[in-house]
Amino acid sequence: MIYKKDANFPYPVLSNSSTSYPLAEFTIDLSLNENVDTYRFSFTMNLTSTFIKNLLSAGKAELILVVQSRDNKFFKINSTDSYIEIPKTRISLTNRTTIQMYIQTTEEVSFTDNNEMDEFYSQFKQDIVVPKHGVLAMSDIVLFEGVKNESLDLFEKKLDPDLSSDIKIELGPETIIIHYKSTDLQFNGLQRNTTLNNSYVYIGLRTALQQFIYRYGEGEEYVELSEVEPENALDTKLYVLMGKKMIRELNIHNVDEVIYAISDRIIEKFASAVKGLVS
Amino acid sequence: MTKQMQFTKISNIEECNFHPVLQDFYSMGISGITGENIQNSLDGKNRALNEPVIVKIIFGTMGKQDIPAIDEIEAHVNSLVGQSEYTSEQIEHMKKALQNDEIKYISFEDENTKGLAGAKNGQSNNSVDTFGIYAYSKGFHAVESDQQYESARGGSHGIGKIASNSASDLNLMFFANCDKFGNQHIGGTIQLVEHRSGDHCYRATGYFTDVEHLENGMTRYIPFENSYDGVFNKNTVGLKIVIPFFRDEFADETQIIKSICDRFALALLENNLVVYVNGKEISKNTIEKFINDPQYYPQETGQMKKEFTPLYVQTYLQQEPIDITVSNSHQDYEFKLYFTYNEEITKGRMAIFRTVGMKIEDFKVHGYATKPFNAVLIGGVEEDKYLKSLEDPSHTTIMNSKIKDPSLKKRADKFIRNLQQKLREIIDEHMNANNPVDGAIDTSDILYTIESEFMKQLEKAMGTVRIKSGKKVTQTKITGGTKKKGSDKQTGEGNDDEGGKTGVGKGGRKGTEARGQGIGGVGGTGKQGDSLKRKKQKEKATNEDSESKEVYSVKSNLVQRLILGKKELLNFHFDNQEAVKDARNCNISFAIVDGMGEEYSFDLSKNYSEILDQRTKKAYSIQRSKLKDVEVINGKIQLEMALQNNYNRALKFVYYVEV
C-alpha cells in the first residue's frame, strides 16, 4: 500500500503530491535500533491537519506503518507511541526497503467538519463520506539506506605466564582484559581462533555486567539504565551498547539474556567454529 | 613358426596368483602409472643435452591384429584357469577383453632421454646393459655409474616398470627403444599366472623377445629389432611405452594431467620436464593455467583439503626459501624450505620434493595437520640419497617402517622426528607473529552497534509529464514548475532512484497489459522505461489512432476527483500546463492503480452510464478505457460521470492525456 504513484482517490487525501489539503502536511522521520531479535523503528511524525489529528485522538482513525521490501508488511501504531518494535523474523531490511506511514479510518467518517480542504472539495464537504478503512493521509516515503556496523573496542588480551590461574578477567578503565597463562589457551593457529575465544569474551562480558550492577545498583540487584551515569570509559561503552540494543534494565537474573541481546550470536558462532574444527 | 612370446617352461604349477605389485599399482589408478613412467623418463634424461625431458602421452584406439604376437598372447590367455575366486574373475575379464577387434591403448614416449643401452647384448645381467635389465628382470634397479646422478634419480626399487602392465586389461605392455646409435628395438611383457598350455606348464611372465640358444643348452633372450610402424614405432632417441588393452577406468585425461601437476610440479616449473597429454602441453608456461582452473583443482584455499598442488605452487613461486638443517644424529642434512602461513588454509602440509622435481609426499607434521600453513621442502644430492633410502617402493612416503637394519631404522626415526620438530618451531614462530598474544581482541563480528541511514524520497511531482511524443517516444518534463518523481536529481537529492525504478518496472509491465486492452500508448510512470517497453509502445501506437498525439501522465495535483452518491466529478487543471492549456480538445485514458503502483486497464463502458461536460452538459461517447475528444475550456476539463451499479467506489486511478 505504499503509494509511490499519484493515485487519485475518490475523495480528498492528504499527501505530498496532492493539493487537496492546500496547507496541511504529513511527514515522518525515522531512526532504527536493533538487537539480536528485534528492530525498533522510532519515528517523529509531523502531521499538521487538525481535522485528521482529532480523528486520531478520537480513535476514528489509526496510524499504520508500511514496510515494503519484497512485499508489504503493515503494522498498526498506537497514536501515542513514538516507536514500534518488529521481530527480525517478520521483515527483511535491505537497501531497497521503503517505509511509509498512512492514516486510515476505523469507521465511516464524514468530512462535514473538515475545513482544511481546497475550494472544490469544500463546497461538497457535507456530502463527503470516507468509508471504514479508507485512507485519509499518506506520509512521504522514507528509503532505508542500509546499516553501518560500528565495532566497540571492548576487549584486550595479555599473555601472562606467571598467572596463578589459566585465565583471569580484569576490568580495566577502558576495556575488559583477558589474561592467559599460555598461548595454547588462545587457540592460536586454529582456524577461526578469534571465534574460539568467544567463550572467554562471554565470561568477560558477564564479569563486566555484574560489576556494572554492583557499581550502579546502589545496593539493589538491578539497574535501570535510564538512571545510570557511567563513571569510566568501559562502563560508557557497555551503557551505549545496551542502550542501542534497547535494554532497559539489567539485573542479576537477566545478565545472560542481556548478553544474548547485545551481542550477535556469541555462543552460536563459537559452536560453529568448534564444529568446523571437528569436520 | 618361431615363438615371439617367451614363457619359461616349468615342470608343474606352484604359484596360482598374479604378481602382487600389479594390484598395488592398479589401486593407485592412472596416477601410479603416469608417475612411474614420467619418473623413469626423468631418470633417463640425456644430461649431455640442456633440454627438458619431453614425455608425450597419447591414448587412442588400434586394431587388435596390429599388436605384436597377439595370436600367441590369445592362446596363453585363453588357456588360463583361475584357482581362486579372485584370479578367476581377473582371468574372465582378460578373456572378455580379447573379444574386441578394436582396442584402446595408451603410450608414453620420451625425448631428450638416453633410451635404454645395450639392447644388442640382450639378457646380459650386466648393470650397464639397461635394456636387458628393463626387459627381462623384475626388482633389478640399474644403478647409474655416476653416483651423484644416481642419488637424484627417482627409481630405486626396480619394480616400477610393472606399473605399466597393471594399466592393461591383459597386464600387457610393450616398449620401443631407440638408443644413441639409432638402434631400434622392441620388447614387451605380459603378467599372467602360472599355467598349462598344450602339453607344458609355463611361468607367469611372458616376454616378447627372440631367443638365442647357447652351446651349453642354456638360452639367452635377445630383443627383436623394431620393424613396426605407427604406435609401436620409436625412431628418436628414447623410450616409448605402449600399453594395449588400456583399462577403461584409467582413461581419464583430467586425472592424468592432475597427477602430473601433483607429482612433478617442480620438475615442470624448473623446466626439467614438459609433458603433452593428447597434445595438451603441461610445462612451466602452462602449469598455472591448469592449477587455476576449477575443472582441475578447487580454487578456494579453504576447500583445499586433499589436493594441495595449487598451494605448493604458490608457496614455491612466491616465498623466499629458508635453509634448515635436519640431523639423523649421524649426519646433518641441509634443505631449502619454502613456507607460507595463511589462516585460510585448513590442512597444513609440506611437499617433499626430490631435486629432480618429483614430489615424494604430502608430509604431515604430527599434531599440526590442521595448522594453517603450506610448505615445500627440497634438499641437495646427499639429501636426495638419504630420502630415497627412506622411501617405500611406490615413492610416496618417507615414513617407511620397513627398514630392516636396526641402527638405520633408529636414524630414520630420529630424522623424521627432527624434521617434524623443526617444522613445528617454524609454524609456531609464524603463528605467534600472526597472532599477537597481547593486544586488542577483534570482536567486531559479535559486539557492535549499528548506524542506520534513511533517506527521504521526494514526492513533490506535479503537473504533466510527457511520456510519448507522436511517433518518437520520449519523456521530458514540460512545465517549468512541475517535477516528476525520478527527475528530482535536479533538486540535489537524487535519492529516489531505487524506489522509482522499482515502481516503473512493475508499472510498466502492467501498463503493457493495459495497452493490450486498449489504453493506447500509455505505460509506466513516465520515468525512463527500458527501450523495449518504449518500442512496444511505439508499435502499438502505430496501430492506434493516437499516432500523431503526444501522451502525458497527469500528476494528482492537477486532478480533483470526488464521488458523491451516484455520480463522480473529475476535474483536470491544465491551465498552467504549456502542452495542454491551449488545446481545444484531448483524449483522456483511465487506468486503475494499486498500492504497489501497478496499473490495470479499466473499461469505461462497464462502469459509467453517462459522461458529461459539467459546463456544457455535452455527452461524450463511452468507449473502453479512453475518453475521446474531450473539450478543454480555458485549460480545464470538468467531467461529471454517472456511475453504474457495479462501480467499485474504492478504486484509485491514474490518468493520461493525449494531445
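Is Thr61(B) buried, partly exposed or exposed?

A: Thr61(B) counts as partly exposed because its relative accessibility is 49%; buried means under 20% relative accessible area, exposed over 50%, and partly exposed in between (1.4 Å probe, protein chains only). This is a predicted model, in which local features need pLDDT of at least 70 and side-chain atom pairs count only at pLDDT 80 or more, whereas totals for chains, interfaces and linings use all residues. Residues are numbered from 1 along each chain as its sequence is written, chains are lettered from A and ligands numbered from 1 in the order in which they are written, and side-chain values use heavy atoms, leaving out hydrogens and water.

Thr61(B) belongs to strand β2 (residues 53-63) of chain B; strands (E, at least two residues) and helices (H or I, at least four) are DSSP runs, numbered from the N terminus. Beyond its neighbours within four places in sequence, Thr61(B) is in contact with Glu102(B), Ile103(B), Lys104(B) and Tyr105(B), where contact means heavy atoms within 4.5 Å. Val231(B) is 170 residues away from Thr61(B) in sequence, yet their C-alpha atoms are 9.9 Å apart.

One of these contacts, Lys104(B), forms a salt bridge with Asp248(B), with 2.6 Å between the closest N and O atoms. A salt bridge is a side-chain nitrogen of Lys or Arg within 4 Å of a carboxyl oxygen of Asp or Glu. Lys104(B) lies in strand β3 (residues 102-111) and Asp248(B) in the loop between β11 (238-244) and α7 (253-269) of chain B, so the pair ties together parts 144 residues apart in sequence. Lys104(B) is partly exposed at 36% relative accessibility, while Asp248(B) is exposed at 52%.
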